[in-house]
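Work through the exercises below with the sequence and the 3D view open. Try each task before reading its solution.

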Amino acid sequence: MSLAVSEAALGIFMFDNNSLAGVVDRLTSDDFESRRHQIIYSAITELHGAGNDFDALSVAEFLDQRDQLEIAGGFEYLASLALETASTANIAMFVAIIRQAARQRRIKAAAQQLIESYDFEAAEKQLREALEAA
């Protein structure tokens, strides 16, 4: 679901440049799960930040100049995102879904890191000592 929502959001941004204005301060490239989508969104926000209009062709050119076009899926992929654009009215909902999914991935990663860094042997030793002392 998150992948389809990300694709829809990127398509909307390229279809209607004004749709980015309301979300650019709340959405980062790291919020996108797919590396390809992170690259595309970074290109869009860089073009936007420079005051340039952007569509699939200009984003493709921008990425090609940085040797990232193929990593981002190529021109055909960018064009498909723009052509299969959902209603721009849904962009706020799409951004909320992308951000929520990003939060969940970050929480899962933090929990995994805690589990991996936990010293089970020390905990087992403490538990054994506590049981023996009881």
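A residue is called buried under 20% relative accessible area, exposed over 50%, and partly exposed in between (1.4 Å probe, protein chains only). The model is predicted, so local features need pLDDT of at least 70 and side-chain atom pairs count only at pLDDT 80 or more, while totals for chains, interfaces and linings use all residues. Residues are numbered from 1 along each chain as its sequence is written, and side-chain values use heavy atoms, with hydrogens and water left out.

**Exercise 1. Classify aspartate 31 as buried or exposed, and find its salt-bridge partner.**

Step 1. Aspartate 31 has a relative accessible area of 5%, so the residue is buried. Its place is the loop between α2 (18–21) and α3; helices (H or I, at least four residues) and strands (E, at least two) are DSSP runs, numbered from the N terminus.

Step 2. A salt bridge is a side-chain nitrogen of Lys or Arg within 4 Å of a carboxyl oxygen of Asp or Glu. Aspartate 31 forms one with arginine 106, where the closest N and O atoms are 2.9 Å apart. Arginine 106 is partly exposed, at 40% relative accessibility.

Step 3. Look for a polar contact (N or O atoms within 3.5 Å; within protein, one must be able to donate a hydrogen and the other to accept it, and residues adjacent in sequence count only if both atoms are side-chain atoms). A polar side-chain atom of aspartate 31 lies 2.9 Å from the backbone nitrogen of threonine 28.

**Exercise 2. Find the salt bridge of arginine 105 and say which parts of the chain the pair ties together.**

Step 1. The partner is glutamate 33, with the closest N and O atoms 3.9 Å apart.

Step 2. Arginine 105 is in helix α6 and glutamate 33 in the loop between α2 and α3, so the pair joins parts 72 residues apart in sequence.

Step 3. Arginine 105 is partly exposed at 25%, whereas glutamate 33 is exposed at 52%. The count of salt bridges comes to two.

**Exercise 3. Which helices does the buried side of α5 pack against?**

Step 1. Helix α5 covers residues 74–83, and its buried residues are Gly74, Tyr77, Leu78, Ala79, Leu81 and Ala82.

Step 2. These buried residues pack against α1 (2–15), α3 (35–49) and α4 (56–65).

Step 3. Take leucine 81 as an example: this residue of α5 is buried at 5%. Beyond residues up to four places away in sequence, leucine 81 touches Glu7, Leu10, Gly11, Met14 and Ile40.

Notes. Contact means heavy atoms within 4.5 Å.
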